[in-house]
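The paragraphs below lead through a structure for someone who has not seen it before. Please keep the sequence and the model in view while reading.

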Protein chains: 2
Amino acid sequence: MHEKYMREALKEAQLAFDKGEVPVGAVVVHGGRIIARAHNLTETLNDATAHAEMQAITSAANCIGSKYLIYSVLYVTVEMCPMCAGACYWSQVGEVVYGAADPKRGYSLLKENLLHPKTKVTSGILAEECRELMTEFFRRKRH
Amino acid sequence: MHEKYMREALKEAQLAFDKGEVPVGAVVVHGGRIIARAHNLTETLNDATAHAEMQAITSAANCIGSKYLIYSVLYVTVEMCPMCAGACYWSQVGEVVYGAADPKRGYSLLKENLLHPKTKVTSGILAEECRELMTEFFRRKRH
């Protein structure tokens, strides 16, 4: 089940990749339905806050008419940064499922847990594919 | 000088207060000019990410046409949470000036510094007025 939705997040990451954006994608699932899809748009929008997760959280809250996402699952291809983990905290998202770890800016590198204590976390879903897209992006950038 | 701009951030906080929003206000100053103003709108927008700082950063980047705010100063009435500190990191804002400390969710409570290493921080500007607005808001909420 997690893989099915992570594939959808990966499709979003691919859209980011195709636009020259750092390839991170996210979807939010609520009651078995995808209620939000987003990909990183920091370059396109000239906005450092336009991470896939931020947009997906805003969009999902708008869809269900509540700023709390306690019954929703956020799928994201790469581990959240502190900003996005903070957004997960405020929205009290029920579960976060991420693919690849982020060894540079991942929220889990911090000593404190930035997420809401009730938020469940699952990691490593389709991790290789999620990471490969990032690796390929930065490899091309360097050449 | 800091007080002058903090008064403008306080005006924004008052707007939030009048709407029943947690009263936090922010302005971004660039070259001596206010290029963005915002106040907390999490209830109005049904969006847990709609903190004053997030909106101000997005708006300022839009104004100057760059996602980096290295020559800008963010004034905010209450200390940033980890989400907003993370947004400051990504936008590399030149300086952050805040009023009241946030003893519950302030970013400075964390062991790691979430801000960009080049970001200068000044705190305590009009702290009492900034705090008083918060105290009054939560006092009324309880009654």
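A polar contact is a pair of N or O atoms within 3.5 Å; within protein, one of the two must be able to donate a hydrogen and the other to accept it, and residues adjacent in sequence count only if both atoms are side-chain atoms. By that rule, 10 residue pairs, both residues at pLDDT 80 or more, are in polar contact between chain A and chain B.

The model is predicted: local features need pLDDT of at least 70, side-chain atom pairs count only at pLDDT 80 or more, and totals for chains, interfaces and linings use all residues. Residues are numbered from 1 along each chain as its sequence is written, chains are lettered from A and ligands numbered from 1 in the order in which they are written, and side-chain values use heavy atoms, with hydrogens and water left out.

Begin with the fold of chain A. Helices (H or I, at least four residues) and strands (E, at least two) are DSSP runs, numbered from the N terminus, and two strands pair if DSSP finds at least two bridges between them. In chain A, five strands make an open sheet with mixed pairing, in the order E2-E1-E3-E4-E5. Strand E2 (33–39) and strand E5 (120–123) of chain A are the edges; each has a single partner strand, so one side of each lacks a neighbour in the sheet. Ignoring direction, neighbouring strands of this sheet are turned by 15° against each other on average. Angles run from 0 to 180 degrees between N-to-C directions, and axes are lines fitted to C-alpha atoms, for helices over the stretch in contact.

Strand E3 (residues 72–78) and strand E4 (residues 95–100) of chain A run parallel and are joined by five bridges. Val78(A) has Ala100(A) in E4(A) as its bridge partner. Across E3 and E4 of chain A lies helix H4 (residues 127–142) of chain A, at about 60° to E4(A).

Chain B has an open sheet of five strands in the order E2-E1-E3-E4-E5, with mixed pairing. Its edge strands are E2 (33–39) and E5 (120–123) of chain B. Strand E1 (residues 25–30) of chain B runs antiparallel to E2(B), with six bridges between them, and Val27(B) stands opposite Arg37(B) in E2(B). Helix H2 (residues 52–64) of chain B packs on the sheet, touching E1, E2 and strand E3 (72–78) of chain B, and its direction makes about 145° with that of E2(B).

Now turn to where the chains meet. With contact meaning heavy atoms within 4.5 Å, 28 residues of chain A are in contact with 28 residues of chain B. About 2,500 Å² is buried between chain A and chain B, 60% of it from carbon and sulfur atoms; buried area is the accessible area (1.4 Å probe) that two parts lose on being put together, summed over both. In chain A, Lys67(A), Trp90(A) and Arg105(A) lose the most area to chain B, together 26% of what that side buries.

Which charged pairs cross between the chains? A salt bridge is a side-chain nitrogen of Lys or Arg within 4 Å of a carboxyl oxygen of Asp or Glu, and four are counted between chain A and chain B. One of them joins Lys67(A) to Glu43(B), at 2.8 Å from N to O. Another salt bridge links Glu43(A) and Lys67(B), whose closest N and O atoms are 2.8 Å apart. This pair runs from the loop between E2 and H2 of chain A to the loop between H2 and E3 of chain B.
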